[in-house]
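Let's take a walk through a structure together, step by step.

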Protein chains: 2
Amino acid sequence: MALEHAILVSLLEKPGSGYELARRFDRSIGYFWTATHQQIYRVLKRMEGDGWVEAREVAQQGRPDKKHYAVAGPGRDALAAWLHEPIEPESVRHDLAVKIRGAAFDDPSALMRQVERYHQLHSERLAHYLAGESRDFTGPDAPAHLDDMQELQHVVLRGGIAYERMTLAWLEDVLATLRRIQAARAAERPGP
Amino acid sequence: MALEHAILVSLLEKPGSGYELARRFDRSIGYFWTATHQQIYRVLKRMEGDGWVEAREVAQQGRPDKKHYAVAGPGRDALAAWLHEPIEPESVRHDLAVKIRGAAFDDPSALMRQVERYHQLHSERLAHYLAGESRDFTGPDAPAHLDDMQELQHVVLRGGIAYERMTLAWLEDVLATLRRIQAARAAERPGP
DNA sequence: GGCAGCATGTAACCCGTTACATGATTAC
DNA sequence: GTAATCATGTAACGGGTTACATGCTGCC
């Protein structure tokens, strides 16, 4: 229920078209808020109707026209009001945890392969985050002084990095546990 | 789209009524999968129609009758099939990250109070997890030998503990960052 | 000739959330 | 008496997901 607010933040950081927003939701913002272009267009239209954003049609050569959106006064107010609301504990849906507990009632080896693949995906994501951190915030090509916006983007990215590191360590714990269970079952099966 | 599977796992761990399931989704399973009683009753009815679970009416004295559910063969098969499917990267929705980046366009002090409260909530959750771990798995009253089901429950709980510790450390980082920004703004406002 | 990228949309479906409803017992 | 717990549901709404649709440009 905060796609509107995610869009407001993104448009405040940098105004742009629905298409551009959709691409950002595949990248930077997408790391902590996913949305498809269908959702974005739908919500953007409603936000325009509510006066939260203002659209300006931009003709382009060699490309279709686009609508360039920027946040309007009421949108800024709505964002401020939302920022002052209490942060609710998020409702989690963690497939993997369900699968792990489900492994007690199935052969663990299939799950182990999935966990290994998942570990690989998260290593890649961590590498991607670290590359982004170096490029934008800490590396030699990063700006010497960061403004507030960049400082806050950086602390969010640090959260993503901490999350990936924690996840990788836990996945190794999970794999070791599954391996132990598998070995114990194998030892029981053929007799002593 | 895996509430069915979460219910299957929970019923395999221990059969019970819809009401009992709803209560588990407030506690142990609820730490990684939330569901309300309305959802559970709706899905349970569908699962019964599909032959995944079997219900047995139980008359009780002094309490309303209840339907006692247990997983049937097709349900076990459905769970096994799901466990063999690849683990998809989860689609995240992290309000707090959006709010933090939004703080660049607002006074950070209101958000700081929210983050402090949020930190408090997570400390409590961590304490709760640690108490549960001691009670069920590592403490003097825990069973000396854990079966597969308990081992897997434990590794999932360790994941929750790692997540809370990581979150607490990050929230402190967030607070420090917001404080720095606030101080810098205050220093600019009244002049040198 | 075909595929990827730019750009915007409609329609249908399912799931999750919220509100409402009932009725009995036990504890304060 | 009144609040909490046990126990099961219906109904309405809104948001997210998936599929479908269009059309032009630039590259291999």
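**Where two helices cross**

Let's begin with a pair of helices from two chains: the axes of helix H5 (residues 95-102) of chain A and helix H1 (residues 3-13) of chain B come within 9 Å and cross at roughly 35°. Keep in mind that you are looking at a predicted model. Those two values are a handy pair, since two packed helices are described by the angle between their axes and the distance between the axes. The crossing of H5(A) and H1(B) also has a hand, and that hand is left. Which residues make the contact? H5(A) brings Val98(A), Arg101(A) and Gly102(A), while H1(B) brings His5(B), Ala6(B) and Val9(B). Sorted by class, this contact of H5(A) with H1(B) has three nonpolar residues, two polar ones and one charged one.

Now zoom out to the whole meeting of the two chains. On chain B, 57 residues are in contact with chain A, and 57 residues of chain A are in contact with them. Which elements of chain B take part with two or more residues? They are H1, helix H4 (73-84), helix H5 (95-102), helix H6 (108-138) and helix H7 (148-188) of chain B. H7(B) gives the largest share of this side of chain B, with 18 residues. By class, the side of chain B that touches chain A holds 35 nonpolar, 10 polar and 12 charged residues.

Next, follow chain A on its own. Chain A is divided into domain 1, covering 3-84, and domain 2, covering 95-188. The C-alpha centres of these two domains of chain A lie 30 Å apart.

Finally, let's visit the DNA. How many residues surround DNA strand C? There are 20, and the closest are Gly18(A), Tyr19(A), Lys66(A), Gln38(B) and Gly62(B). Two or more residues each come from helix H2 (18-24), helix H3 (37-49) and strand S2 (66-71) of chain A, and from helix H3 (37-49) of chain B. H3(A) provides the largest share of this surface, three residues. The classes here are six nonpolar, 11 polar and three charged residues.

DNA strand D is surrounded by 20 residues, the closest being Gln38(A), Gly62(A), Ser17(B), Tyr19(B) and Lys66(B). H3 of chain A gives two or more residues to this surface, as do helix H2 (18-24), H3 and strand S2 (66-71) of chain B. Which element gives the most to the surface near DNA strand D? That is H3(B), with three residues. The surface near DNA strand D divides into six nonpolar, 11 polar and three charged residues.

Terms used. Residues are numbered from 1 along each chain as its sequence is written. Chains are lettered from A and ligands numbered from 1 in the order in which they are written. This is a predicted model: local features need pLDDT of at least 70, side-chain atom pairs count only at pLDDT 80 or more; totals for chains, interfaces and linings use all residues. Axes are lines fitted to C-alpha atoms, for helices over the stretch in contact, and angles run from 0 to 180 degrees between N-to-C directions. Helices (H or I, at least four residues) and strands (E, at least two) are DSSP runs, numbered from the N terminus. A crossing is left-handed if the near helix is turned anticlockwise from the far one by less than a right angle, and right-handed if clockwise. Two residues are in contact if their C-beta atoms, placed from the backbone, lie within 7 Å. Ala, Val, Leu, Ile, Met, Phe, Trp, Tyr, Cys and Pro count as nonpolar, Asp, Glu, Lys and Arg as charged, and the others, Gly among them, as polar. Domain bounds come from an automatic or database domain assignment. A residue is near a molecule or strand if its C-beta atom, placed from the backbone, lies within 6 Å of it.
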